[in-house]
Amino acid sequence: MTYPADTRSPLLPDRHPTPDFFVCDIFDASPRGDMASMEHPIFSVSTKPDTKTRKYVNGDIFVEIKPSSDGLATVHDRDILIYCISQLMASLNEGRPISQVVRFKAHDLMKATNRMTNGQAYAALKASLERLAGTRISTNILTGGREEFRTFGLIEHASIVRETRDGRMQDVEVKLSDWVYTAIEHKEVLTLSRDYFRLRKPLERRIYEIARKHCGKQSIWRISLEKLQLKCGSHSTLKEFRRMLLAIVDRDRKHSHMPDYSIQLDEDDMVTFRSRGTVPGMKVKDETIPIPSLQPETYDLARQAAPGWDVHLLEQEWRDWVTEPPQYADAAFIGFCRKAVKTRSQCPQK
């Protein structure tokens, strides 16, 4: 059956309805709670093998992601980590002991992540395990004022414990990296919408992850198009990335298919995410508080107060934080910037 292009849902069908479970935001999965050092795209959004080494610098912190000959782990490969972490979080919440080694039925994973269960899907699962094991991350992490170099993989190893005669795996065993396991032990996880697994395009999944991480339970969050592209890990030109994002914006305007958050792009290349109020535990902020627009020179002063920071992101944090109209909005915002730099001096900008 075919559908007109403007009426067909951008979401995949819900193939295997399953209960909600806890999932992990991979950028929170940093040891010692150092989330800022991992504020970089780890998973590829490309639909073709991505064999480029990536390196990102944020102040004195660098993160380098190296692929194997199979390419970088993809956004869809991340489903395996999501599933493993959800199972361990469920055990923790029930008071049961957990292990760094996770054993599961391949069929159960496919159902939970809305995948097909045919032979091609099992072959794709094997390829995902290989890319996860092959992708290596190197970074220097500041701890206690000292610089520490670390290198690790997304998973330590994986094995197929049993396989059927037609080549389909049954039991899979995965050993998570110390990096991911530490995040689980400290419950540094976020919930994702089940519709995350129904998003067709890798870029849509990555954009949702970013919104879930940064917008969270706020009513609104803004980011520049250029910085969003950096966080997505897209190798496209800015012009092409803008075109792809506008296509997502257009689909979301017609179908409201993006989970938890709507998305808009304005003429100044600022991307705005607005919460739909569907994130569990969210308290929608009263948006009737009248806060005037800031003067153009205020942004220059803000950049002086917070050198290297994205002042538009700081402005959105400030607007979401205030509970009553400030008497002098421009001065109040500058003060907020100074305080943010002081209190987060040990945590580089996101």
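The structure holds 0 disulfides, a disulfide being a pair of cysteine sulfur atoms within 2.5 Å.

## Basis of the model

The model is predicted: local features need pLDDT of at least 70, side-chain atom pairs count only at pLDDT 80 or more, and totals for chains, interfaces and linings use all residues. Residues are numbered from 1 along each chain as its sequence is written, and side-chain values use heavy atoms, with hydrogens and water left out.

## Nonpolar cores

A nonpolar core is a set of buried Ala, Val, Leu, Ile, Met, Phe, Trp, Tyr and Cys residues joined through side-chain atoms within 4.5 Å. The largest one has 69 residues, and Leu154, Leu176, Ile207, Leu245, Val271 and Phe273 have the most contacts inside it. Helix H1 (residues 78–93) supplies the largest share of this core, 8 residues. A second, separate core has 17 residues, among them Ile291, Tyr299, Leu314 and Ala340.

Beyond its neighbours within four places in sequence, Ile207 is in contact (heavy atoms within 4.5 Å) with Cys232, Leu245, Ile248, Met258, Ile263 and Phe273.

## The chain as a whole

The protein chain has 10 helices and 10 strands; these are DSSP runs, H or I of at least four residues for helices and E of at least two for strands, numbered from the N terminus. Of its 350 residues, 50% count as buried. Among contacts between residues at least 6 apart in sequence, 65% join residues at least 24 apart.

Key: Buried < 20%, exposed > 50% of the residue type's maximum accessible area, 1.4 Å probe, protein only.
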